[in-house]
Amino acid sequence: MSKLVVSSIGPASSVQDGGRHGAQRYGLTPSGAMDRLALAVANTLVGNALFAAGVEIGPFGAAFTARGGAVRIALAGTARNADINGSAVAFDTSTTLADGETLTLGFARGGSFSYLAIEGSIEGEPMFGSLAVNARTGLGSPYPRPLQAGDVLQTKAASSRAENRIEFPETDKGPIRVVLGPQDDEFSDQAKALFLDAEWKISPTSDRMGYRLEGPVITHLHGHNIVSDGTVNGSIQVPGNGAPIVLMTDRGTSGGYPKIATVISADFGRFAQIPAGTGFRFRAVGMAEAQDAARQFATLLHTLSARLRPIESFDLNIEALQHANVAGSAVSAVDAGTWQ
Amino acid sequence: MAVTLSPPRLLPSGDSAITVEFSRNIDDTANQRVLALDRALSDAPLSGVTETVPTYRSLLVHYDPSEIGFGALGEKLLALAKRPLPPPPKSRRWRIPVAYGGEHGIDLEDVAKTLNTTPDEVVARHVAGDYRVAMIGFSPGWSYLSGLEKFLHLSRRQSPRLLTPAGTISIGGVQTGIQCIAAPSGWHLLGRTPVRTYQLHREPIFLTEPGDRITFFPIDARTFAEQDRAAEAGEIVAELIAA
């Protein structure tokens with residue numbers, strides 16, 4: 001039995017998977033990975049199910065040490081420096097930690113979250129079919145809280161499979177697409193135009209529950225109280241102070257502020273990756289375009305395994321690895337210039 | 001004579017959910033229609049619908065746009081919503097013990113003062129109420145109840161508290177509610193119940209369902225402490241009365 005020991009880790013890093021669904025009617029938040037595509041890419045590289053539990057790593061560094069045997073891993077999502085005992089490791093590539101070796105990760109570069117998938121996933125006790133951590137409700141396994149140094153993630157010993165890399169298409173770098181509503185009629189045309197024309201920044205006080213936006217004040221037509229109704233990932237609610245909040249995967253299942261628009265599902269992960277302080281814009285699209293994008297996104301997720309390439313065909317030198325590392329940032333389409 | 005039901009509004013909540021809105025206000029008939037549509041979708045599931053979330057006045061229908069589009073699903077939902085309202089199913093009734101006032105309900109005295117009455121009168125009126133679970137939301141097990149008598153309607157606090165205790169029984173606006181886990185709240189805290197509306201490793205994990213009937217009865221601080229220990233050990237503590 002192999003395990004990965006957390007040697008060091010920053011805040012906002014936790015075990016996440018596809019989330020828990022079916023109990024929102026009881027007030028249970030779904031949680032799950034903020035960038036589902038990046039988690040799916042990492043899992044595909046090590047032969048796991050798309051949304052098997054992995055480690056969502058926040059903006060700060062982390063280190064993991066293999067114990068009790070070798071552990072195969074893969075990194076995807078926001079790029080950062082990564083090495084195993086001093087040798088650089090590429091993103092979007094599987095690799096194996098020998099017993100006792102340490103994977104060291106630096107700060108996120110140009111995004112927020114990276115995903116560490118482990119072959120065989122992480123052992124834990126699912127609640128409502130999920131290991132995803134939601135600290136506020138005490139849910140998640142093996143630890144119902146963000147990870148801390150000293151935590152142990154039990155997994156399977158690395159198989160003898162060959163290592164893989166993944167070839168990835170250029171992803172959209174344009175504005176974050178939204179569908180107006182469900183309560184866009186609570187706002188004047190001017191307020192909606194302001195919302196769509198403005199450059200926004202994500203406030204540093206944001207978390208997995210919601211991203212607070214900094215920009216112009218969006219005023220309501222009829223005040224800021226509505227009778228609570230249901231929320232989704234990407235609901236953009238406007239509270240009394242006129243500063244929109246985008247609801248993320250740890251959101252409350254209902255809310256009492258008018259929702260001007262909703263981030264489309266295909267762009268949600270890309271939005272989640274925008275670092276605090278980086279400017280970006282929204283663009284309104286019709287339902288047909290939003291649902292086309294959702295279907296294309298679903299197809300991309302389910303054809304990831306067809307994009308795997310054996311590592312042998314890849315020039316295994318440090319330069320190539322660093323090149324792959326740059327490619328890694330394209331998975332989430334996040335780099336410093338994307339949002340300007 | 002059959003009552004003509006106005007069609008609900010279909011509001012897009014992104015590309016993977018529709019808000020079926022029956023009213024903009026807290027309205028018992030709208031809530032009955034929400035629960036009826038929710039039951040209809042549970043009795044005969046529509047292909048592509050992944051989850052439904054009933055609230056006071058609307059049903060949020062999550063769906064997979066790879067299975068069904070907004071237009072096609074919207075038509076089906078409108079057809080279901082047009083059907084005459086069936087008689088509500090036999091609802092369960094829960095009797096929920098509450099330790100009112102003192103450290104368990106720190107706002108009881110202030111609420112009585114604001115309403116120009118005594119704490120005993122506030123408790124008597126709250127206990128006399130016959131409530132219905134209109135929705136469960138925000139955090140696990142948080143049961144929003146309709147049926148609060150007008151005398152107890154009170155604006156929310158000017159500044160919400162950042163943390164209120166698990167089991168809080170509170171009033172806010174035209175509503176009263178059972179809060180399960182510690183959470184922020186702008187409501188007025190009347191008391192606490194040892195009952196857990198949400199508890200992991202217990203069967204059932206969630207005690208209340210939308211549509212359930214609720215009444216409260218007062219208990220003293222000692223009984224609260226005893227029942228709180230029993231509830232922590234997995235006992236349900238609330239009394240279930242069949243309809």
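Reader: Where in chain A is A:P142 found?

Author: A:P142 is found in the loop between β10 (114-118) and β11 (152-155) of chain A; strands here are DSSP runs of E with at least two residues, and helices are runs of H or I with at least four, numbered from the N terminus. This is a predicted model, in which local features need pLDDT of at least 70, side-chain atom pairs count only at pLDDT 80 or more, and totals for chains, interfaces and linings use all residues. Residues are numbered from 1 along each chain as its sequence is written, chains are lettered from A and ligands numbered from 1 in the order in which they are written, and side-chain values use heavy atoms, without hydrogens and water.

Reader: What is the peptide bond from A:S141 to A:P142, cis or trans?

Author: That bond is cis, with omega near 10°. Most peptide bonds are trans.

Reader: Why is B:N116 called exposed?

Author: Exposed means over 50% relative accessible area, buried under 20%, and partly exposed in between (1.4 Å probe, protein chains only). B:N116 has a relative accessible area of 75%, and is therefore exposed. B:N116 lies in the loop between α3 (108-114) and α4 (119-128) of chain B, and its phi is near 60°, a positive value in a residue other than glycine.

Reader: What is the pLDDT over residues 323-340 of chain A?

Author: pLDDT is the predictor's confidence in each residue, from 0 to 100. Chain A averages 91, with 91% of the residues scoring at least 70, but over residues 323-340 the pLDDT is below 50. Where pLDDT is low, the predicted coordinates should not be read in detail.

Conventions: Contact means heavy atoms within 4.5 Å.
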